[in-house]
Each structure stands twice: as C-alpha cells, then as structure tokens.
Amino acid sequence: MSEFDAATAGVQAALDAGARYADARVMHRRYEAMAARNGAVEDLVQREDAGIGVRALVGSGWGFFAVPDLSDAAVRQAGHQAAEIAAASARVAGAPTELVAGQPSTGSWASECEIDPLGVALSEKGDLMVRTTGTIRENGADLAEGLYQIWDTSKWLVSSEGHRVDQHIRESGAGISATAIGDGETQRRTYPAARGQYGTRGWELVDELDLDAHAVRIAEEARGLLSAPPCPAGETTLILGAEQLALQIHESVGHAIELDRILGWEAAFAGTSWLDLAQLGALQFGSALMNITIDPTIPGALGSFGFDDEGTPAAPRDAVREGRWVGVLAGRDSAAVAGLDYGGSVRADGWARLPMVRMTNVGLEPGPHTFDEIVAATDDGIFMDTNRSWSIDDRRLNFQFGCEVGYEVKNGKLGRMFRNPTYTGIGPQFWRSMDMLSSEIVPWGTPNCGKGQPGQVGHTGHPAAPARFRNVRVGVTA
Amino acid sequence: VSELAIAQQTLELTTSAAPRAEVEVAVDRSRLALTRFANSVIHQNVADDTTSVRIRMHLDGRTASGSSTLTGEAGLAALATRTVDAVRVAPFDPGWPGVAPRAVPGPVAAVDPATADATAEARASLVRSFVDAAGGLEAAGYCRTSHWTGAFVNSLGQELTGESAEASMDGIARQAGVDGVARLASSRLADIDGGVLGARAAAKVQAGADPVELPPGHYEVVLEPAAVADLLQNLAVWCFSGKALNERRSFAELDAAQFDARVTLVDDPLIAGDGYDTEGTPHQRLVLVDEGTTVAVCHDRRTATEAGTTSTGNATGAASWGAFPLHLQLLAAPGGDGAAAVTEVDGPVADMGVAALVASVTRGVLVTDFWYTRVLDPKTLAITGLTRNGVWLIEDGEVTQPLRNFRFTQSYSQALEAGAVLGVGSAAVHLPDSWVSARWTAPALHLASWNFTGGASG
C-alpha cells in the first residue's frame, strides 16, 4: 500500500464512521543528532519514525487518532477511531466547526538541498563537533558543547475535499557554546546563536557557519565576561543584535498573532493574546519601520514549506505593515470563526500529533540602516547580543529577556563589555520605540518552539536585523 | 507481539551483527489520550498508540543510539543495521560507563485498568463536570489519560518489564481577563472530580474581579501547590542533576545545609508506577534534601561514573541534560511522608492547607501559579517569570484584595535558604507534568520574601 493509498483509506474510514470532513497525514521522518562536550562525543542519536494521523470533524470538534502502522487494517482503524473520538466531544459541544473554502491542492514540493546532510559521513560530522569543542575547552572555557541536528521528513496529505500533496523537507543546523564558571556564577557565549542556526537546507548550511573560525573567540569572551562589569540598571537606548531580535519577534509578535490564541483556544496553557480581532487593520503595533511578514516561501528558512499541513499552498502575507497590525497566522477552522478568508499556517510536529496554528517564517523586512550606522548614531546606550533567557506573559505583552553579552555604547562607538545584560518591556510600547533598523537581515531558525497539549515542538524562521529602541528598562536583577 | 519479545528480537539482531558490542534495548508502548476544551467546548480530542524501539550500543570505544517506530521484522532489522553501521564510524566515547548490571526493581504502584483503558466518553464526562461547575464562566483545559507498557533488555542479561497509568486534569475558568486554575494528577481516573476542580477554578475567578496593581518590591508570599511545582521543576533540572553538579553549574553542594530545615525533598518515581530508567537501572526512593541539607543528586550511569558513584536510576535518555528527578516531592509539614488530605474551602484559596498558611501572614501576597519561568544563571538559580491564574493581597491573615499579575526576578535558592521558609502546607498535591516529562507533588509554601520586579501589565 502506498503512502497516498494509506492516507486515502484512513480518510474514507473516518467518513464511513460519520465524519463530515477528514484528512490524513502519513509521515516518515529520519532524525540524526550528535552532541559533543569538551572534545569528546557525548551522544549520537539516529531516529526513524513513520505513521499516520487521521483528523476527523464531527460537530464542533476534531477527533484525531495516530498509529505507527500503515497496514490497511491499521489505517482504517485509525480513521474509524478518529471519528469515534470526535463524536465523543458532543458531550461538551459548541457551534459546528466550519473550514474556510479553498481549492483542493494537489502537487509535490521539496526544500532545496545542496549536500544531503544524512549522506555526509558520521566521522566527518563527528570530527567537527569534537574538534570545535576541543578548541573551545583549550582556550579557556570550563565547559565546551556542540550540537548538530538533521531532520529528513517526507509527508503525504489526503483530505476528503480532494487535497493530495506530498513534500520532502530536509532541515539542518548546528551550534557551539563556551561556558566559563566563576565564583558563584556562570557566563556563556555561543555561536552562531544560543540555539545554533537551522534552516530547510542541507549540510551546506553547517559548512557556511564555519564553526572552527569562532571557537577561540567565544571561549575568550565567556572567560572575559566573568570579570566584566554588570549591566547597569535604568532606562536607556537599546541596540539589539539580529539573533536576539529574532527571538523578540518570535515571542512578542509571532505568538501574539496566532489566531488560535486570539480566539482563546490556547487559554489554559500557552495563553491568549493581547491583540483583539476588532483592531485588525487599525492597531498601531509598532513604529513605521516595523514591517513583519508571514512568509513560508523564503528559500532555506526554517519555517518554509510548499503546503501547510491542511494542504494550503505557501504564500507570503503581511502581519504588520508600517507598524499597523494587518494579518494573523491562521488555519482553516480558526479563520472561519474569525471571518477571515485565509489559513495556511497549520502544522503538526509529526504524524502522531494534531496539526495546529504555528509560525512559519515571521520576520522583519529590511530597514534603511546598517549596524555600524546605528552604533554611530547613538550617543549613549547599550548593545545586547545573543539570547540567554526569555520570559513573556500569557498574553504576549510583558517580556523580560537576558542576553549573553552587552556592550556600552558611548558617543557613537562600542565600548566595554557588560555581563548579565537584561531588558524588559511591554510589546507594543517597545516596538513603537524602534527608530533605527538595519538592512542586514538573517533568517534565524528556531528549532524548539513549544506549543499545544500534548506538547509539540515547532520549527520556525525569523528574518531579523540589528535595530535600535528608545527608553528601554535594562539591568533587572534578582 | 509483546514489548519484551520485540526487545529480545532486537537484541538478538544487534548482537548477531556485532557480537562484541555492549547493547541495551528498550521498547515502549505509549497509549496517550487527551481531551482538550476551550471556550467551554471540547475542540481537540486526540489519541495515539505508539510503540518505539531504542537501541544504544558501544563497540570498540565508540557509542551510538538508534530508535524507530517501525517494529515489524524489516523495521527492526533496519534499525539494528543502521545502529551497528553508525557505531563503527562514530567518534570515540571515552566516557562510556558500560550497560547496567542485572538488578531487580522495587515494587511499584499497581495499574488501575479503568485509567489505562479510559474512553473518550469518560474524559468528556469529566470535562462536562468541570464546565458545569464553572457556573457559566468560560472554561478551558484538558483531561488526559495515559498508559505505558515497556520492556528493557541488555547484553549483560538485564531483562525488565513495566506498566503504569496516569490520569490528570488541568483547567481554568475565566471572566473579563481574570483566570483561576485547578489541576490534579493521579494514578486513578476515579480520583479526579471534574466538578470539584471546576468549582475551585471558578471560585478564584469570582474572588479575582477588579484586581489592583501593587508596587514592585519584596513581599512575603504564600505559594499554592501549583506555584511550588514550578520551584520543584527548576530545582530538578538545574540543581539536582548530577551532570550539572559534575560540571560545577549546579547550586547543589553535597552535605551542605543549603535550604531551610523545613525543606525535605524526595524523588520517588516508584509511586508513579515507573520501575526502571532508560538504562535499565531500577528506580528508587531518593532523598535529595533532608531537613535542609543537600544529601544527594540524581545520576545516570555516565554522570555517576564521572562522579565516582553509582547510578540512582534517573537516566532520562537525554544525554545533554543528564539525569534529574522524575517525581520530585516537597514533603508536607511536619516533614513526614504522610500528608493530610486536601480539603476544599470557600473563596480563592486552593485548600485548607493553603488557608492555614494564609492565616499566619500579616501582610503578603498569595500566588496561585507561576508562568514562563526561565533561569538567568543556573549557579545562583536566579529566575524570572510571572504570576498567573490568581494573585491576592493578604492582610492580617485574610485574603483582602485581588492583584494584577507581577513579573518577578528571584533566586530560588535564596527563597528557600535557612530562615526563609516560614511554613510548609499540610496537604501535598500530585500535579501533572507540563513541558518536562516528570511529576511533582507539592504542598503550599510560606516564604519570607519574593522579589516582584514589576507589574505584568506594564
């Protein structure tokens, strides 16, 4: 039985059991990761999983059942059970769930990949991890860590409306870190980012990172941070590096514009959103420099795909235009509730999980400045780079971030290093204070976005560049 | 085919291909079902039945792991071949600790069949009770049942099987931006009363109308069990990990009086029905903090070897994190294992155990829950986060005024140091896991000081 045949049988079984709509995803994923510590391999993992998840709509609620078995009997049973579970929801039912109309998609899509990451010799990949962490350790770090991860996912979608889509997505990435341990504290520097850098690309992405070239620097910086002065406390002009701004976008914009949160579907756990649909199209989210797009078509970015997990073809969409909130991340069901005419942002982290609203690539369009120009135009402020901690409230409004390193900015120049830099604020106030934005965009990948119950881990992309913000509270400590 | 048969077959396939290898094989079948509600309606209702096989092997100084959900003959053969191929070219692993010796696990909690085989109708019925008890307030949350069966074998002859089941419910009631929460986990679905939990969540909402902002500062606090669970989670990951201690990143210092004498922390996965860890080492009841003195941390075989000790049976399969507590409990007052039963009370306070602590506060803050806590430095356990699901001012032993949520930046180790714990609740509550796949049992805590650094609304 082919994967499409299995999905078709699962859908039919759900319809036969009473579903008025059903779809099924067959997925086959291979995952490889290697972690190294202090010049030795700590863990090598290779996983393979395959299965089918059937989603059935009965009345107001979804039913979902998944099994790692593509036999005819198993997929039909999965379809039947999905409909049966959905029917049980009638005990606490609401208005019937509708789906925004769309042309059923058919087609194939594959991410670009120059070097098959699973085809690169394990010894070569291992040597890279061992060599770089060894260098970090030899240059002053108490703890040197490295990690690469590879996902190779094939998936097939069939729906009762006629969707028939297959995709092959390869994702790769890596990162290294140096930790220096002092008297009662630790300091850490990472490259290229706290979580590494990831994309829908092959091993060429890891090659381009050139981890070797940065191993000595991060070891020395981590050691140097132990004796650096602490970040001053107060209100100041803040310049953020691109990687930190990517996470700022993720947490304070990306999650806030998820329509399921706005509608209260995630209220008990991930939370809601401070955004009110009545203000869509009118609310001034940020300054005029703030242009945020939802764009799953960016080649190589981690949140890219050809079709989302409901079969909606990938297409760019504005989320914030010249500071004004104009778009959301939606699925076909949430869009119907909100009276919108688009979905396109629904994904599951595997065949065993229900697809839900997820960020794709949510990021900034380039600004008119450069990082050097931003620093040169700043008389007094702090530059913070590379995320170390992140926390935001359940409405995605009040945030506090810590960075690995800060630098004094005086009279247009970068000065001494600060340790333990933190900043805090309120989302819209913060974004409205952005008065300079660089054109040096990088599509940072976040491979660990948690959401949903049972929990799912999403892969998202965030184009971002250095930017400047005014009157930001910094230096919050315990 | 049983999990043990799959494990034995996989071990045979692997050792046939690499006779000199040290090999361990774990097979886990997880049946997870979760009925989720929002806006007082069940909107997502999911289940899966997944069996996975994991091999870890060591050959000629090299180590590799592989896993698969393809458990047919071809799938197992491919997994064995792939893992053997990987181990032959993997980099050297000088820290390999060897596979676990044969050992017999201790007794674990019996499995409740009604929980293991709970139906979607049974979960929906509990949701109905929660929503009805919320009395017209908007309700959201989940009811979850899970059933695990597993087997473990290794090349030293260790052969284990296990089974556990758990039920949990976690829900909020909401109105006009005010939320209240109630949550509970148990090995028996019958222990969970959706009506009681819904009413408790609703009582918090009703007592939370028109909250006011309190200035930032250090306040005496009473933390309800849900908030204490966050302390336990952060202590588990950052403090009681043997790996973190080996690497000098942990605050823990063995045989040092690091906590108030009222604090006794015990890890006991056996209560939850889990008999062995991912390396096949039997779980045990492990005292981590005894009346304020840190006496142990959790080890897997690798971190134990590095530390010159033995595994505590806390391997998680996540080498980067190492071992950590799997069911961390803060013992209820007066320090013994026998906690009082949870007794409902009127108003926003979760139960009688919390109410008794509130009564001893002259001026302080009652916190229901914490949210999005993140460590700023693991060595100091400085953590930032927010309050959630209900905060009140306490004056002269009475809850007097609902408050808006705070952001805090607080060293958890300082919050629990000698003299800082003014009281421990009499009733410990078993709480469901969230992100970290571990369990928590917590009473309320009365702490001398908590550093609220700002209002969450700005």
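Over all chains, the search of the whole structure finds 55 salt bridges.

The model is predicted, so that local features need pLDDT of at least 70 and side-chain atom pairs count only at pLDDT 80 or more, whereas totals for chains, interfaces and linings use all residues. Residues are numbered from 1 along each chain as its sequence is written, chains are lettered from A in the order in which they are written, and side-chain values use heavy atoms, with hydrogens and water left out.

The contact between the two chains (heavy atoms within 4.5 Å) takes 80 residues from chain B and 80 residues from chain A. Chain B and chain A bury about 6,700 Å² between them, 54% of it on carbon and sulfur atoms; buried area is here the accessible area, for a 1.4 Å probe, that two parts lose on being put together, summed over both. Eight salt bridges are counted between chain B and chain A, including that of A:R37 with B:E306, in which the closest N and O atoms are 2.6 Å apart. On the side of chain B that touches chain A, the largest share, eleven residues, comes from strand β2 of chain B (residues 41-59).

Strand β2(B) also pairs with strand β3 of chain A (residues 61-67), in the parallel sense and over five bridges, two strands being taken to pair if DSSP finds at least two bridges between them. Within this pairing, A:W62 has B:Q44 of β2(B) as its bridge partner.

Chain A also contains an open sheet of four strands in the order β12-β11-β10-β15, with antiparallel pairing. Because β12 (324-325) and β15 (362-364) of chain A stand at the edges, each with a single partner strand, one side of each is left without a neighbour in the sheet. Strand β11 of chain A (residues 317-321) pairs with β12(A) in the antiparallel sense over two bridges, and A:V320 stands opposite A:W325 in β12(A).

Note on methods. A salt bridge is a side-chain nitrogen of Lys or Arg within 4 Å of a carboxyl oxygen of Asp or Glu.
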